[in-house]
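I opened a new model today and kept short notes.

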Amino acid sequence: MLKVAINVPLSRAFDYLPPADGTVPAPGCRVRVQFGPRQQIGLVLAHASDSTLDPGRIRRCLGVLDDEPLLGTRELQLIRFTADYYHHPIGEVVAAALPAMLRQGKALHPVVEALVATDLADSADVETLSRRAPKQAELLETIRDAGGNGIETDTLTELLPNWRRAAKALLEKGLAERIEISAPQFDESGAPAATPGPKLNDDQQAALRKLREHDDFNACLIEGVTGSGKTEVYLQRMRDIIDAGKQVLVLVPEIGLTPQLLSRLRKRLGIEPALLHSGLNDTERLAAWRAARTGAARLVVGTRSAIFTPLANPGLVIVDEEHDHSFKQQEGLRYSARDLAIVRAKQLDVPVILGTATPTLEMLHHCHNGNYEHIKLPIRAGGATPPGIRLIDTMRLPATDGISEPLAEAIGKHLQAGNQALIFLNRRGFAPTLICSICGHIAGCDRCDSRLTVHASQRQLRCHHCGHARPLDDNCSECGEVVRPLGEGTERLEDTLRQRFPERNIMRIDSDSTQRKGAMADALDQAREGEADILVGTQMLSKGHHFPNLTLVGIVNADQGLFGTDFRSAERMAQSIVQVAGRAGRASRKGEVLIQTAFPENPFWSTLIGGGYPQVAAEALAEREVTRWPPFTRLALIRSAAHQHADALNFLDVARRMLADRCGETLRVLGPVDAPMARRAGRYRTQLLLQSSDRRSLHEALRELRPALEEEPAARKVRWSIDVDPVELF
């Protein structure tokens, strides 16, 4: 009997018999099965001697897809843990752990389709063709340049998204043909020869000595101020592990935001890392996954889903910027890659390093309790001094279109000295609101309880929650009077700065301006080379970038987190400010940080400026202990969404009644209530919060609740999820 995980939203494995040919697949192999009216790809989790089903109802597998297991015992152990801890269907966990091509039933070493130029194409007149059919000419030149092996269709889609129509014409003319080629293999030799790094200072040397004490499991938090050289410590420890013939797995928040880290890894280690992230095509991702599994890739770098990648010779796991919320998946399987990294390192009995300038309170709490080792790097490497921080009171010195006079003067002064300035606002678009100054009507989204954001350059109103967009209004839909944008986004700041500094090169870096593939890397390269005098951007600019000429950081509208309803508001605000402030003065030039606030007397500012992030964290931990919020209690959030408000609320009311017998001293159930944004993308959203002082009690309750809810008739009318250790409550 085979226990098979299938990608369906049910919290169990399914019983199947081996195929009729007698092949018995080992756990970790894929099988093709009939599931209801459709065929599905499943993964064998285990063998069993019996089943609770009537023997006559148990189907045979249709076929076995793998001669040997794709996933070993250690990977299956991680999958089971993830399904159990996050109370999520194990088949969907398996789907998250496998590359798309393997989920689709493709071979581990697939043959892929490519387009190749024929002999006739060599003599074709491309110049004449370009006048009649420019897209055909562009495609023909692309495949001719690729040579005799052709170019994969996935790669063509990246280079020329609309290539298929042009390809049809070239095929008919005999200038191109389709061929099948073996999928490319990963090659780590593309990096330059390794180069030595700078000499470590005393703190870095002490940190490295500590790390070298453990080749077995040990969780270590490296808390280093921005510019303290955490990466240099990582690199030397990585060198140890790789030289010992083992692999290193590095998790980063977003690959697109870490080009400098990748460049340093290649340069210092002399190894091309195997990359695993959503920006790769399916063939590239499978090649990297395969190389990690066989051990051909000694260095694996990826975003959160890379935590499931099989490793042949694991030696070290690193989580860079452990505080970043991108490590928590917010849809589907809601897992924390950072937390799973610790679990996996323990299962593999290898050390795990968590690095950041602004540790989460959960990690600090573990360190205080002696569960994790805490290493501090309190000074910047190379003798650089931390930037000075100063507040600008916008009640006394109002900002015009987001920029106050003191900030504008500081920008001018730093530019005059030949330096760069960064203006930070974590809000894209031109303005967050379009308002009528006569009747007060605000343009809202028809599908969400939210305002539409003004995007002036596209003449659009856009919802940042559901993606709905419509043309920008000139007049109020209620009274017909002229409307005006209210508030600032990065687009508006860019316009304001161009008016104030017309001779300067101003570059905006946010998710709107970097949509084109490679645009983010190009923009950051230009910024590092000093081609941009003023950078304007969102949190994308705060994540680990090094701009040698940047000496001024201006933080606009810093009050967004002062009065947040989430208990994590102060922690997140401090992290954001400290991270972006750390971009200033990282080289030999003195940095300065100006923060515009309408509430300069708020105690948060004196705590942050006087004691830095450690003081903010210490006070927040003390407050959490009194109020019994994490990390001193455990949370789970059950969400429900439906087209009818009553359906969403009724489903969670059923869940609340199911939990009633378990409520007591160790478990509280709060709600159900509407989510803070009660309607999103046309669905009404409600939530039920479980809070427990005992992790075991919480998980026992959820373990009974999930299968009961799956059988509940009210579940058919809603979309629902369980989020263990949620990072977003409101």
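**Sheet.** I looked up the strand order and found an open sheet of five strands, β2-β1-β4-β3-β5, with antiparallel pairing. Two strands pair if DSSP finds at least two bridges between them. The edge strands are β2 (14–16) and β5 (63–64), and each pairs on one side only. I then checked what lies on the sheet: helix α2 (residues 90–97) packs there and touches β1 (2–6) and β4. Contact here means heavy atoms within 4.5 Å. The direction of α2 makes about 70° with that of β1. Axes are lines fitted to C-alpha atoms, for helices over the stretch in contact, and angles run from 0 to 180 degrees between N-to-C directions.

**Strands β3 and β4.** I noted six bridges between β3 (residues 30–35) and β4 (residues 38–47), which run antiparallel. Phenylalanine 35 stands opposite arginine 38 in β4.

**Naming and source.** Helices (H or I, at least four residues) and strands (E, at least two) are DSSP runs, numbered from the N terminus. The model is predicted: local features need pLDDT of at least 70, side-chain atom pairs count only at pLDDT 80 or more, and totals for chains, interfaces and linings use all residues. Residues are numbered from 1 along each chain as its sequence is written, and side-chain values use heavy atoms, with hydrogens and water left out.

**Confidence.** pLDDT is the predictor's confidence in each residue, from 0 to 100. The protein averages 90, and 98% of the residues score at least 70.

**Helix α15.** Glycine 418 follows α15, with a positive phi near 85°.
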